[in-house]
Amino acid sequence: MTRRGLSLVELMVAIILVGIVAGSIYQLLLSTERGYRTQAERVRVNGNLRNAISLLPADIRELNAADLLGSDIISMDTSSVSYRAMRNLYFLCQPANAATAQIVLAEDAWFGLRPYDSARDWLLIFQENDPATRQDNEWLRADVASIATGNSCPGSTPSLTVTLANLVPANPGLSGVTDGAPVRGFELVEFLLNQDANQDWWLATRQFGKSSSTWGPAQAILGPLTPRGLQLKYFDGTGAVTATPANVASIGITVTGQMSAVGGGSPGSSNNLHLATRVALRNNRR
Amino acid sequence: MMKQDGMTLVEVLVAVLILSVGVLGLVSVAAAVTLLIGQGQRYTTASALANQRIEMLRSQDCANLAEGSAVEGKYQVSWTNTDLGNGSRILVTVTSPQRHTARNDSFTTTISCVQ
């Protein structure tokens, strides 16, 4: 039996064929890898955006922009908004004492995120005025001069006796604030788009310091976003865009996440992901 | 030289047939998954659009509520309201494009109109 091996030409053809097949498999592997990384990046950015979209409306939903004594929105801009963020809710357990500027709150029945914090919170006090109409109801603003705990509520239940300071408006003061009136503790909060030392943009928040009377440092919450990654639009009750804080009835929020270079992102790239929502202010006067 | 037994043409054809049935099955699964992902994306967008519209209606005075429709990209959003006396029931319908037909998703909510 004669045994023939492969000729050189046959061998070379075989090597070239194997090379082509191996090369295309490698290309396939590479593009799959790239696709996987892009998708992982999209999931990350999308998760971030979804957090932003659930975080911002939580506070904004609770605002009252149309109160007789002024809007809960302090200032508003396309990429920042500052407002009175409601943190707790108490109720008076006896009528307010206008002469001493004191209110007595039921201590064991408060609601909200956290109890009143004198270092951060101011108060809004509901003034009923004429019980026969809703048109004259309003929220008085006040700071707290002192707080004393005790058992002054009906049935000797725990109470907070609050002496108010800087009541706005000072006149007619606490008249018309009835037994059972709600009192809300709020702090001043701003959401803004903030650039860090690495030139990245973040959704950030900061609080207004009561004692320092200035805005505290911005705390980044999530990102990175694009340079125009937070876009806020303010609408009045008819759905038209408004620039007056007292007329705001709903706020449109769009956040745009910055994809990293791995995900094919650059500041102006269409690969950047965005999410939009709209939130109506629930506590507006009607 | 040694006698070499190859495969007959029929054998090759049968093998190719069986292989292609298997491969086609895999391909159709991949196609179905792609279709479902696309559908899920459209429904998510549809519910986000409905949510936006409901928030817009909620911010309006009850007296100004009226039915209407709007085009948002490839989606059509339409809404109607039913007066309940001290409230209003809102029905938002989002029509999302499909390959051959269109799909309607309905969302309903009630807005308080107590004065």
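**Exercise 1.** Determine how many residues the contact takes from chain A and from chain B.

*Solution.* Contact means heavy atoms within 4.5 Å. By this criterion, chain A contributes 12 residues and chain B contributes 11 residues. The model is a predicted one, in which local features need pLDDT of at least 70 and side-chain atom pairs count only at pLDDT 80 or more, while totals for chains, interfaces and linings use all residues. Residues are numbered from 1 along each chain as its sequence is written, chains are lettered from A in the order in which they are written, and side-chain values use heavy atoms, without hydrogens and water.

**Exercise 2.** State what area chain A and chain B bury between them.

*Solution.* Buried area is the accessible area (1.4 Å probe) that two parts lose on being put together, summed over both. For chain A and chain B this is about 1,300 Å², with 44% of it on carbon and sulfur atoms.

**Exercise 3.** Identify which side chains meet in a salt bridge.

*Solution.* The criterion is a side-chain nitrogen of Lys or Arg within 4 Å of a carboxyl oxygen of Asp or Glu. Between chain A and chain B the count is 1 salt bridge. Its partners are Arg282(A) and Glu55(B), at 3.0 Å from N to O.

**Exercise 4.** Report the confidence of chain B and of the complex.

*Solution.* On pLDDT, the predictor's confidence in each residue from 0 to 100, chain B has a mean of 88, and 97% of its residues reach 70 or more. The complex receives an ipTM of 0.72 and a pTM of 0.81 from the predictor.
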